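Here are my notes for you. Please keep the chain open while you read them.

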Amino acid sequence: MGEGAFTADGCPVEVYRLLPPGGEPGIVHEAVPEGASILELGSGVGRVTHALLDLGHPVVAVDDSPEMLADVRAEKVCSKIEELRLDRVFDVVLLGSHLVNTAADTDRAAFLATARAHIAPGGRVLVEWHPPEWFESVRDAQGGRLGEVDVRLEQVVHQGNLLSAVIRYSAGGRSWTQAFTCRRLELPALNAALADAGLVFECWCTGDRTWFAAVPA
Ligand SMILES: C[S@@+](CC[C@H](N)C(=O)[O-])C[C@H]1O[C@@H](n2cnc3c(N)ncnc32)[C@H](O)[C@@H]1O
């Protein structure tokens, strides 16, 4: 753990305030039409949200952590993703941060159902996930620097299709830890989960297959 607030899924809020936007906003912007409206599920502090606003996208940011949402400068909704039903639809629903790799199949089904429920005609869901090959590359002590934050993996345990690890974040002499477990999904399992939600795989958005688009079936 460490100082400050943590989300229900164990993310240290202060760390997310320090992390730079990274490549995600550019990947999303490239994959969607100019000015496309975006529903961002699991927005955190707005690391990606704010960059998308700057790129000309109206964004509604959703998170179940009031602390994460506190400084978000977009329209925001404090809700569990699985319970969200806004009476409106969007050109793009963004399900980032590998949430689709949740260990719980019921949560994955609910995340995708929420995404499906909010897509406008002609719209799509953009998903950031851990592709199967990522699970083979994960090792203890892997990591790097993101802005001023040093990020390292510890206690990596592979158990069947599940991978558990602890992420250690360090910045300015402080450190935080976050334990997580994620599930490896082979493509047939991914396609089945999409189909159950009324979605179908459309295309990869990046050459490393870490982002893909899905559309209503
Ligand atoms: C790893 S953080 C990433 C935040 C942001 N997407 C980013 O890249 O900076 C995951 C975020 O999703 C939120 N989250 C996770 N599960 C959620 C759920 N079931 N409902 C709502 N928010 C959720 C957490 O509170 C956290 O803010």
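**Notes on the model**

1. C11 sits in the segment before α1 (13–18). Helices are DSSP runs of H or I with at least four residues, strands are E runs of at least two, and both are numbered from the N terminus. This is a predicted model: local features need pLDDT of at least 70, side-chain atom pairs count only at pLDDT 80 or more, and totals for chains, interfaces and linings use all residues. Residues are numbered from 1 along each chain as its sequence is written.

2. Is C11 buried or exposed? C11 is buried, because 24 other C-beta atoms lie within 10 Å. The cut-offs are 20 or more such atoms within 10 Å for buried, 12 or fewer for exposed, and in between for partly exposed; C-beta atoms are placed from the backbone.

3. Leaving out residues up to four places away in sequence, C11 touches F6, Y16, G44 and Q178. Contact means C-beta atoms, placed from the backbone, within 7 Å. C11 and I167 are 156 residues apart along the chain, yet their C-alpha atoms are separated by 9.8 Å.

4. A70 lies in the loop between α4 (66–69) and β3 (75–78). A70 counts as partly exposed, because it has 14 C-beta neighbours inside 10 Å. From A70 to G198, 128 residues along the chain, the C-alpha separation is 33 Å.

5. In α5, the buried residues are R108, F111, L112, T114 and A115. Seen down the axis of α5, they fall within an arc of 155°, so they line one face of the helix. The arc is taken from the directions from helix axis to C-beta atoms. These buried residues pack against β1 (38–41), β4 (90–95), β5 (119–128), α7 (187–196) and β10 (199–204).

Methods. Contact = placed C-beta atoms within 7 Å.
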